[in-house]
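Subject: Structure for your files

Hello,

Here is the structure we talked about, with the sequence.

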Amino acid sequence: MNSKTVLITGASSGIGKALALAYAEMGYLVYAGGRNQQRLDELVLENANIKPLVCELTNKKALIAASGDLPQLDILILNAGNCEYINDAVNFDSDLFARVITTNLISVGYCLEAWLKLVKPGGQLVLTSSSAQFLPLPRAEAYGASKAGLSYLAKTLSIDLQNSHIDVSLIHPGFVSTPLTDKNDFPMPSIISTAQAADYIVEGINKRKAEINFPKHFTYLMKLISLLPFSIWKKLATRMNK
Ligand SMILES: NC(=O)c1ccc[n+]([C@@H]2O[C@H](COP(=O)([O-])OP(=O)(O)OC[C@H]3O[C@@H](n4cnc5c(N)ncnc54)[C@H](OP(=O)(O)O)[C@@H]3O)[C@@H](O)[C@H]2O)c1
């Protein structure tokens, strides 16, 4: 029996759920975070190594109150997130903008305040950003800004946590088929399943990789295009947006 412990946020659905099941099957004690109690209860029935951690991550007080009995952690995976698009940039929706930044970035600060001190020396912190942060994409003002901020945060933590012997892994997934992407009304090239995503992530975490980018051909292309002068990408993206 593996006596290691992992806490995963956003484990009631999609990528986080696949990760929770993967770590539970490896014998980890898994604290599975989410808001949807029913879906977390169903997840617990799939593997007895999974413990539900019901909390709204944008509410710092509730988050800290829900964290009372947590043990020390080998791995902390901050994966929860949401995506909403700015469909009319001229009539900018600042409530939407604040909602997305709060869920994807500010709440990560709350999680770090509550849980980073629980990570053992030699442990790992993992943050799920997005390959969307490599390139400014149409309608992604809120989502892209939140994930660009998250990637910067992860890289800075990677430097500042070295002396505390905590390794940081930053995940940049391409498209993964989940309830989050089910809402998309545009083509999603190279889309993969949550099980494939979990395989890439677990392998990257095992290797303590600083960046976990997948699928490679997709993220390499995004990175390559990001090296072009912005004026070229702006023309292409504007055409895509018509
Ligand atoms: N799918 C993709 O193609 C893709 C690509 C790049 C990056 N990502 C990133 O991967 C992560 C997981 O996404 P996914 O595709 O697996 O999405 P998903 O299936 O919609 O799952 C999102 C998870 O985040 C949780 N969550 C959202 N807001 C929360 C809040 N305020 N408090 C607590 N939990 C909250 C949800 O919990 P409840 O449902 O219980 O509320 C759910 O468990 C996100 O950070 C996303 O940005 C996804």
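A polar contact here is a pair of N or O atoms within 3.5 Å. Please keep in mind that this is a predicted model.

The ligand site

For Arg 39, an N or O atom of the side chain is 3.2 Å from an oxygen atom of the ligand. Asn 79 uses its backbone instead: an N or O atom there lies 2.8 Å from a ligand oxygen.

On its own, the ligand has 900 Å² of accessible area, and the protein covers 94% of it. H6 gives the most, with 3 residues.

There are 31 residues around the ligand, and those that come nearest are Ser 12, Ser 13, Arg 35, Tyr 143 and Thr 178. By type, the shell divides into 16 polar, 11 nonpolar and 4 charged residues.

Lys 223

Lys 223 is part of helix H8, which covers residues 216-226. Its relative accessible area is 30%, so Lys 223 counts as partly exposed, between the limits of 20% and 50%. Leaving out residues up to four places away in sequence, Lys 223 touches Phe 134, Glu 211 and Asn 213. From Asp 69, Lys 223 is 154 residues away in sequence and 42 Å away in space, C-alpha to C-alpha.

Regards

Key. Residues numbered from 1 in each chain as written. Predicted model: local features only at pLDDT ≥ 70, side-chain atom pairs only at ≥ 80, totals over all residues. Heavy atoms only, no water. Helix = DSSP H or I, 4+ residues; strand = E, 2+ residues; numbered from the N terminus. Buried < 20%, exposed > 50% of the residue type's maximum accessible area, 1.4 Å probe, protein only. Contact = heavy atoms within 4.5 Å. Near = heavy atom within 4 Å. Polar contact = N/O pair within 3.5 Å; in protein donor to acceptor, adjacent residues only side chain to side chain. Areas by Shrake-Rupley, 256 points an atom, 1.4 Å probe, with all protein chains shown as cover. Nonpolar A, V, L, I, M, F, W, Y, C, P; charged D, E, K, R; others polar.
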